[in-house]
Amino acid sequence: METARVLVAADKFKGSLTAVQVAERVTAGLRRVVPEVRVETLPVADGGDGTVAAAVAAGFERREARVTGPLGDPVTAAYALRDTTAVVEMAEASGLQHLPAGVFAPLTATTYGSGELLAAALDAGARTIVFGVGGSATTDGGAGMLAALGARFLDADGKPVGPGGGGLAALAEADLTGLDPRLAEVDLILASDVDNPLTGPKGAPEVYGRQKGATERDIATLDAALAHYASVLGPEQAGLPGAGAAGGIGYGAMVALGARFRPGIEVMLDVLGFAPALARATLVITGEGSLDAQTLHGKAPAGVAAAARAAGIEVVAVCGRLALPQEALAGAGISRAYALADLEPDPAVSMAQAGPLLERASEALARDFLLR
C-alpha cells in the first residue's frame, strides 16, 4: 500500500493550543499508529488572531513594533514579512487580548495602533499588505487607524474628536488629505471571516458590541455615531460586506485606504501556499476549537475543506467540541470529525489536557483513515 501523504491544515484551538501546536500533536498521534506516514503541516488562520503566527510558521519573518494599544497605552505588536508582502493582524495592536481582565472600553477603545502597525509594514518595504481583521477591542470604524496614518477628524470647533466610536458623534469634518501617500501604491487586502455591514441590525455595534463590554445604551450610541461618521466619509461603502469587520475597521480601510475585501481564509490559503501543499497530499486534516454553525460561514476549516474537495482530496477534522450534525459536516466536505469532548466531556479538563487528548484523537483518526 502506498504511504499516505497527510496535510495538516488546522486553525488554533482557542484558549488551549496554537495552530502550530495543533499540527504538532496531530502529527505525533498519526505517527504513533503509522510511523512511516508522510506529514506536511501548514497551520492556517482566517484573518483573526493567530494570522501572523500562521504566516511565520509558513516562512514569513516575524517583525515587531511598539504601537498604541486600544486603551492608549503602548503595546508590542507583531506582523509578518516576506519579500514585499506583509501580513498585519489588527488584533496584535487593537485586540481584546490587550485589555486587562474584566476591563472594557466600548466607547473609547481606539484602532490607532493598527494604523501604526500598517505604517511599520510600509516602512519595512511592504507593497502588498494582507490586513487580517478580527478579535478587536474597538468599535471606532477605523477612525483611530486612519488618524495614525495622517487623517484628521475634527469637531465643530476644529479640534480632534475623542478616541473611540463614542467620539465620532461630535465629528464635523474628516480631512484625509494628510494620509500617507505610500498607501496609494499598496495593494491592501482586507482579510476577514465576517461580512457584516457597518451599522444596523447586522452591523458592528449590534452584533459584536456586547463581547467588547458594550451595554444596550452603548450599542445605540455607537451605532448612531458610526452612521454619522459614514455620512461624513461616504455612506455608500457602509453597507458593503466586511465594512462591519473588527468594529468597523473594515469600513475605514475600504472607504479611505482603497482596501479590497476578501474572505480571510481564501486570502490566507493563497499567502501560505496551500495549493502546492494540497497537490502533494492524499488526505487533509483540518480543524479548530469548536466546529459549529459559525465554522460554515467562512472559518478556516470550511475554507480548507472547500479547496480540498475541489481538488478531489478527502478531508477529516479535529476539534475541541463538535456542534454540527454529520450531514452538515458532509455538506462542508468533511468526512468525519474527531472531538476532544468525546474523550473528555468536562470542558475545563478538555482544554487543560488538549494536547494529549488531541494526540489520542489523532491515533483514532489514523486507525480509521490510514490503515484501511
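Ala246 is found in helix H9. Helices (H or I, at least four residues) and strands (E, at least two) are DSSP runs, numbered from the N terminus. This is a predicted model, in which local features need pLDDT of at least 70 and side-chain atom pairs count only at pLDDT 80 or more, while totals for chains, interfaces and linings use all residues. Residues are numbered from 1 along each chain as its sequence is written, and side-chain values use heavy atoms, with hydrogens and water left out.

**Helix H9**

- Ala246 has a phi near 50 degrees, a positive value in a residue other than glycine.
- Most residues other than glycine have a negative phi.
- Ala246 counts as buried, at 9% relative accessibility. Buried means under 20% relative accessible area, exposed over 50%, and partly exposed in between (1.4 Å probe, protein chains only).
- H9 is mostly covered, with 13 of its 13 residues buried.
- The end C-alpha atoms of H9 are only 15 Å apart. A straight helix would reach 18 Å at 1.5 Å a residue. That expected span is 1.5 Å times one less than the number of residues.
- Gly258 follows H9, and its phi is positive, near 70 degrees.

**A buried threonine**

- Thr138 lies in the loop between strand S6 (128-132) and helix H5 (143-148).
- Thr138 is buried, with a relative accessible area of 0%.
- Leaving aside neighbours within four places in sequence, Thr138 is in contact with several residues, including Pro70, Met90, Lys212, Ala246 and Gly247. Contact means heavy atoms within 4.5 Å.

**An exposed aspartate**

- Asp83 is found in the loop between strand S4 (74-82) and strand S5 (85-89).
- Phi of Asp83 is also positive, near 55 degrees.
- Asp83 is exposed, with a relative accessible area of 70%.

**Nonpolar cores**

- A nonpolar core is a set of buried Ala, Val, Leu, Ile, Met, Phe, Trp, Tyr and Cys residues joined through side-chain atoms within 4.5 Å.
- The largest nonpolar core has 54 residues, and Ile129, Phe131 and Tyr229 touch the most other members.
- Helix H9 (residues 245-257) gives the largest share of this core, nine residues.
- A second, separate core has 41 residues, among them Ala54, Phe60, Leu291 and Ile313.
- Not counting residues up to four places away in sequence, Ile129 touches Ala86, Val88, Leu118, Ala121, Leu122, Val186, Asp187, Leu188 and Ile189.
- In soluble globular proteins, nonpolar side chains tend to be buried together.
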